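The entries follow in the order I made them.

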Amino acid sequence: MIEEFEFELRERPTLTFAQAEVLSDYRLGWLSRHVSLIGRREVMSGNAKFGIFGDGKEVAQLALARVMRPGDTRAGYYRDQTLLFALGLLTPQQFFAQLFGHTDVTAEPATAGRTMNAHFATRQLDADGRWVSQLATPQSSADISPTAGQMPRLVGLAYASRLYRELDVLRDLSKFSRHGDEVAFGTIGNASCAEGFFWEAINAIGVLRAPAVISIWDDGYGISVPNEYQISGGDLSAALAGFRRRPDTDQGFDLYTVRGWDYPALREVYLRAADRARVSHIPAIIHVTEMTQPQGHSSSGSHERYKSPERLEWERAYDPLRQMRAWILETGLADPEELDAIEAETREEAEAARERAWEAFLAEPRAEARELAGLLTAVAPLADDPAALHALAANLRDASRPLRREVLATAHTALVRTRGSQAPARAALAAWHADYLARGRERYGSHLYCEDARAAARVPAVPVRYADDAPEVRGFEILRATFDVWLARDPRVCIFGEDVGALGDVNQGTSGLQQKYGPLRVSDTGIREATIIGQAIGMAMRGLRPIAEIQYLDYILYALSPLSDDLASLHWRTRGGQAAPVIVRTRGHRLEGVWHSGSPMGALVHLLRGMHICAPRDMTRAAGFYTTLLQAEEPALVVEALNGYRRRERMPANIGEYSLPLGVPEILRPGEDVTVVTYGACCAIALEAAEALEQVGIDVEVIDVQTLLPFDLHGIIGESLKKTSRVIFFDEDVPGGASAYMLQQVLEVQGGYWHLDAPPVTLTAQPHRPAYGSDGDYFSKPNAEDLFDAVVSLMAV
Ligand SMILES: Cc1ncc(C[n+]2csc(CCOP(=O)(O)OP(=O)(O)O)c2C)c(N)n1
């Protein structure tokens, strides 16, 4: 429709193509403005819960849209509706559908009602989970709400272009790149630039020479807090000056400062910045100043409370659309009547889009409410008070805006009031209620993990084999051999992290591999955990298979937000529309002191739902998980046991072929008296304690859960409890950490409670961090003696 308008204009003999573009942009700017105005009205009138809009940011985004090409990607935030409209990636109707929280993915393709409004995303997977070509349109990676949270991901989205351009082995991946010509466009608000992620990402993009063009939308405030409290010196352009590209280095940025209402200047700046990024992979930062926020930050609150009358007056005068209008009139491109007509027509268009979105949003729940009304009428005679049920049915029939939870609550009430009845009508109501509830859960809960051929659970397990004369090697050699196979087999695989490249990682798991595969496949990074993860997310979204290393598990805390907010939620928050099959490799559990022997597994299990978490007890197991995960397309974390790299293990004969199933515990030692459930480095301690316990006549069954997410999919531990009736959950996390999670899974989910003859026990580390002193480990982490005593006590119950 928008394109048609431009096309029509181009037919006019008196207009040049460039002039037609201007009027088309103006029209789009106003359409977007009306969407913002109407959107806020919808919130104020109670039709939507919350709204955040892109008013005041239109003109710069029109200029940006003019330079984005199919295959380019966006990592941005909630102000970008105009950009999405202009790129044809979002319609006003879809915008309103998200504002209303419409859960139908065809109506609201970005998130199907799972995020607040103005969280944009294109669908990159088809209904069967297969990648669609990213080269057909520009792309938008799925937005998240944490300010600057888009920045780590931008690193990888941009860096992928370098790999596609410079790695010949990637030439055949035709769905993702044309020889690395794609630019990743980042957008961020001025105040969000006070976040560490911003600076870390800028630095990483500069170091990596990744073709990103970053726009800072600067309206002077972050909600109510002005720039002087956000940025040292108050001026982002000045603060960023040190990142400017210098002639003596090929790193650094082109820096631009341009005013957000100056359409011709914006067009010029974006043209130049995008061209240099595309052709020469030179990144740019465009600081767009003097932007406004006509309706304030969001629907919750009014900016009159913190902006001075002078500032408000200035914002009115420098409203970008008003300034653009003045410029059009000045240049004689159109007369006032024509522009008035554009402003009026777009208003109608936006209203019509709102109306369609609203009716579509309500159509299904209304029909469902009427369906239930019929069922209530049928069961009414079964109740003590039929009139009450008839009244509920009437309410449902009349409801103009039924919420599904109200429909469910009404059905529940009717079931309670007719309880005891065996009549078919009540059975029909009960079945309807169960089905409706299940559909509701699916509507909001599906796609946390893959539900198709990409799932790790579908990868066939291949047992490990050994030659008769298999040599005993150090653990790291098994890992290195596995990575070697995968780097040779799959050109998409890249491994990177601190000391991973030239050194071959601090424990030699990648030693020699950079020499063999080059510095782009096996790479050193700066010390920047959040953007190591972001780099991996962006690369994976562009078709690569990154293995990102976090040097020690203790330092994963720096990367928790990208992992939890972005990676773990991605597939779910887009209802299966986007995926990032990232493998995070790290090492943890006992070694030496605080910050090198942490095991915060409970925290990770809590925060990383949507990812798999493997805690292999040795390197043979770790390598088996990597082979499984590289055949699947789901994000996962593998925590290798720090004390296992030098321990000897037999070298498997089928490295890179054998694969370990996820969610399948292994019984390391069968026993009759007590089940000890553990994982990782604690397995060896549990076996040691079990030996000692055997000497005193207690027969312990030791089970390695192997993966915490998923957890024991086939109830192997529950079966063990049927035999032993006693259980200890044993790990190195804090009390109530992952041990409590395992307890909940076994006792509650698997029903293990019913097989117990004694209270369940958790044996964990101390609540404090592991101390360094020579005996610090002994007094901080549980040891074989602790387990021995715990088992003996449990046997005495
Ligand atoms: C990590 C985090 N902290 C706080 C917030 C709450 N919050 C949402 S928007 C915002 C202000 C952002 O201002 P700015 O970056 O200038 O963008 P603008 O909204 O002005 O376009 C804040 C504090 C958040 N979303 N995420």
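**Helix H12 against helix H13.** I began with helix H12 (residues 320–331) and helix H13 (residues 336–379), whose axes come within 10 Å and cross at roughly 150°. Angles over 145 degrees count as roughly antiparallel, so H12 is roughly antiparallel to H13. I noted the crossing of H12 and H13 as right-handed. From H12, the residues in the contact are Arg 325, Ile 328 and Leu 329, and they meet Pro 336, Leu 339, Asp 340 and Glu 343 of H13. By class, the residues of this contact are four nonpolar and three charged, with no polar ones. I keep in mind that the model is a predicted one.

**Helix H5 against helix H13.** Next I took helix H5 (residues 92–100), which packs on H13 with the axes 8 Å apart and an angle of about 50°. H5 and H13 are therefore oblique to each other. I logged their crossing as right-handed. On the H5 side, I listed Pro 92, Gln 93, Phe 96, Ala 97 and Phe 100; on the H13 side, Ala 350, Ala 353, Arg 354, Arg 356, Ala 357, Trp 358 and Phe 361. The residues in the contact of H5 with H13 come out as nine nonpolar, one polar and two charged.

**Nonpolar cores.** Which residues have the most contacts inside the largest nonpolar core? I found Ile 214 and Met 601, in a core of 91 residues. Helix H6 (residues 150–166) gives the most to this core, with nine residues. I then listed the contacts of Ile 214, leaving aside neighbours within four places in sequence: Met 151, Leu 154, Gly 186, Ile 188, Ile 202, Ile 205, Phe 253, Ala 284, Ile 285 and Ile 286. Another core, of 65 residues, lies apart from the largest one, and its members include Ala 63, Val 67, Val 269 and Trp 358.

**Helix H25.** For helix H25 (residues 738–749), I asked which residues are buried. They are Ala 738, Ser 739, Tyr 741, Met 742, Gln 745, Val 746 and Leu 747. The elements covering them include H21, strand E18 (674–678), E20, H24, strand E21 (727–730) and strand E22 (761–763). After H25 comes Gly 751, and I read a positive phi near 70° there.

Gln 508 has phi near 70°, a positive value in a residue other than glycine. I placed Gln 508 in the loop between strand E10 (493–497) and helix H18 (513–517). Is Gln 508 buried, exposed or partly exposed? Its relative accessibility is 28%, so Gln 508 counts as partly exposed. Trp 595 is not a glycine either, yet has a positive phi of about 75°. I located Trp 595 in the loop between strand E13 (583–588) and helix H21 (601–607). With a relative accessible area of 47%, Trp 595 is partly exposed.

**Backbone: a cis peptide bond.** My last entry is the peptide bond from Leu 709 to Pro 710, which is cis, with omega near 0°. Pro 710 sits in the loop between strand E20 (707–709) and helix H24 (716–724). Both E20 and H24 are also on my list of what covers the buried residues of H25.

Technical notes. Residues are numbered from 1 along each chain as its sequence is written. This is a predicted model: local features need pLDDT of at least 70, side-chain atom pairs count only at pLDDT 80 or more; totals for chains, interfaces and linings use all residues. Side-chain values use heavy atoms; hydrogens and water are left out. Axes are lines fitted to C-alpha atoms, for helices over the stretch in contact, and angles run from 0 to 180 degrees between N-to-C directions. Helices (H or I, at least four residues) and strands (E, at least two) are DSSP runs, numbered from the N terminus. Angles under 35 degrees count as roughly parallel, over 145 as roughly antiparallel, 65 to 115 as roughly perpendicular and the rest as oblique. A crossing is left-handed if the near helix is turned anticlockwise from the far one by less than a right angle, and right-handed if clockwise. Contact means heavy atoms within 4.5 Å. Ala, Val, Leu, Ile, Met, Phe, Trp, Tyr, Cys and Pro count as nonpolar, Asp, Glu, Lys and Arg as charged, and the others, Gly among them, as polar. A nonpolar core is a set of buried Ala, Val, Leu, Ile, Met, Phe, Trp, Tyr and Cys residues joined through side-chain atoms within 4.5 Å. Buried means under 20% relative accessible area, exposed over 50%, partly exposed in between (1.4 Å probe, protein chains only).
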